[in-house]
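Dear colleague,

Please find the structure below, handed over for your own work. My notes on it follow.

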Amino acid sequence: MPRLPLSLIAPLALVPALAACSAADKGPAPLAPEALAAVAENPDAPREKLARAVDALFSDEAAGETRAVIVMHEGRIVAERYAPGYHENTRFVSWSMAKTVTGVMIGMLVSDGRLRLNESAPVPQWQRPGDPRGEITLKQLLQMRSGLRHVEAGDPPYDSDEVRMLFLDGRDDMARYAEDQPLAHEPGSTFQYSTATSVILADLAARVLSPQQDPESRRHAVADYLRTRLFEPVGLRSMLPEFDAAGTLVGGSLIHATARDWATFGEFLRNKGAVRGAQIIPRQWIEFMARPSPREAEYGAQLWLNRTPTQGRPSLFPTRGPRDLFAAEGHLGQYVLVSPSRRLVVVRLGKTEDSKLRPVVDRLADVVALYGAR
């Protein structure tokens, strides 16, 4: 075979390298029109980068199904996007984000003097002589360290206590199901995330708010308290709580609201319970909720914290995000992220299997990273 002259070999060798350079010079793929349109003209961060970070939550197949994203900075919505079939008036189910609403309600009742944080939780059947559950305090319930026996997210699902309580034999009187459980650990000694615990908190609210304990009276008393003391003052006009047949708020799982109202709730938490200068709940209560519990560093009181966990893998992104960031989190990837230092609230609502949430969390971390502390 005849050899090519050296004068031809050198230019030919450059062809693949030139092609690679040409591809690299093209940069990232163009943004879809709806991606850039979802971001305000001046979002207080690089606009295209924010648009791409939000778009990744919708376009990355590993992130599952994202239905709504809102980014709020300094109280202003700077990005808002919905998947087809959803919009600003769609109510989204909270799943466990309801726990944070329940935690705020309990704080109001403590502030009112109706409940006491460090005293025995006033569950009547626990107050019988010799019942060790009488040692469980309200604070321990809020911090998920009651010691009550509980299986969350078991396998198979129908063996899980939260599934049995919500949908099977406990569904008509969820509080009774939760409060009937025996102790598995000494009260205060062990962290155990428990949807049933938040139902017990909701039952305590009904017990102190309703003179009569029939279902309709309990339902009306709690709904009215939430509406007049929290929803209306904060501007949460779409929030719709669910109750069981016994009139107990399903305080661990079922409150519905628009994405904008979930963002407004996050802004309320960011401002430590203040709205337009009015203190709706003592700021010390929000600070308590966002303080690590004695048994789990990444959990406060009905809130997840951006901290390295005492055990297991982190729920959020402690190696990337601000230390003061906290979150209301729900089943299937519902998030209200709040960072006071970055004056930031990020909401993601959708449907992603709980075992596959890490890509969602990573994409949310990308959004938060665009807003540095000032």
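Which residues touch the most other members of the largest nonpolar core? They are V104, W262 and F268, in a core of 76 residues. A nonpolar core is here a set of buried Ala, Val, Leu, Ile, Met, Phe, Trp, Tyr and Cys residues joined through side-chain atoms within 4.5 Å. Buried means under 20% relative accessible area, with exposed over 50% and partly exposed in between (1.4 Å probe, protein chains only). Helix α8 (residues 195–209) contributes the most to this core, namely 9 residues. There is also a second, separate core of 30 residues, which includes A53, A63, A79 and V368.

The model is predicted, so local features need pLDDT of at least 70 and side-chain atom pairs count only at pLDDT 80 or more, while totals for chains, interfaces and linings use all residues. Residues are numbered from 1 along each chain as its sequence is written, and side-chain values use heavy atoms, with hydrogens and water left out.

Helices (H or I, at least four residues) and strands (E, at least two) are DSSP runs, numbered from the N terminus. Two strands pair if DSSP finds at least two bridges between them.

Contacts and the open sheet

Contact means heavy atoms within 4.5 Å. Not counting residues up to four places away in sequence, W262 touches F92, S94, M97, V101, M239, I255, A257, V336, V347 and L349. An open sheet of 3 strands has the order β3-β5-β4, with antiparallel pairing. Its edges are β3 (92–93) and β4 (240–241); each has a single partner strand, so one side of each is left without a neighbour in the sheet. Between β3 and β5 (residues 255–257) there are 2 bridges, and F92 has A257 as its bridge partner in β5.

A98 is found in helix α4 and counts as buried at 0% relative accessibility. Leaving aside neighbours within four places in sequence, A98 is in contact with V250, G251, G252, S253, L254 and I255.

Strands β9 and β10 pair in the antiparallel sense over 5 bridges, with A328 opposite V336. Their hairpin has 3 residues between the strands, and L332 takes a positive phi near 70 degrees there. Strand β10 is also joined by 5 bridges to β11 (residues 344–351), again antiparallel. V338 has V345 as its bridge partner in β11. In that hairpin, with 4 residues between the strands, R343 takes a positive phi near 55 degrees.

Cavities

A cavity is a set of points on a 1 Å grid over the protein atoms alone where a 1.4 Å probe fits but cannot get out; lining residues have an atom within 4 Å of a point. The structure holds 3 cavities of 30 Å³ or more, and the largest cavity has about 40 Å³ of space. Its lining includes S96, K99, T100, Y193 and W304. Both α4 (98–111) and β9 (326–330) supply at least two lining residues, and β9 gives the most, with 3 residues.

Yours sincerely

How values were computed: On a 1 Å grid over the protein atoms alone, a cavity is a set of points where a 1.4 Å probe fits but cannot get out, and a pocket is an open set with protein on both sides within 12 Å along at least five of seven lines; lining residues have an atom within 4 Å of a point. Grid points are joined across faces, edges and corners, and a volume is the space filled by probe spheres set on the points.
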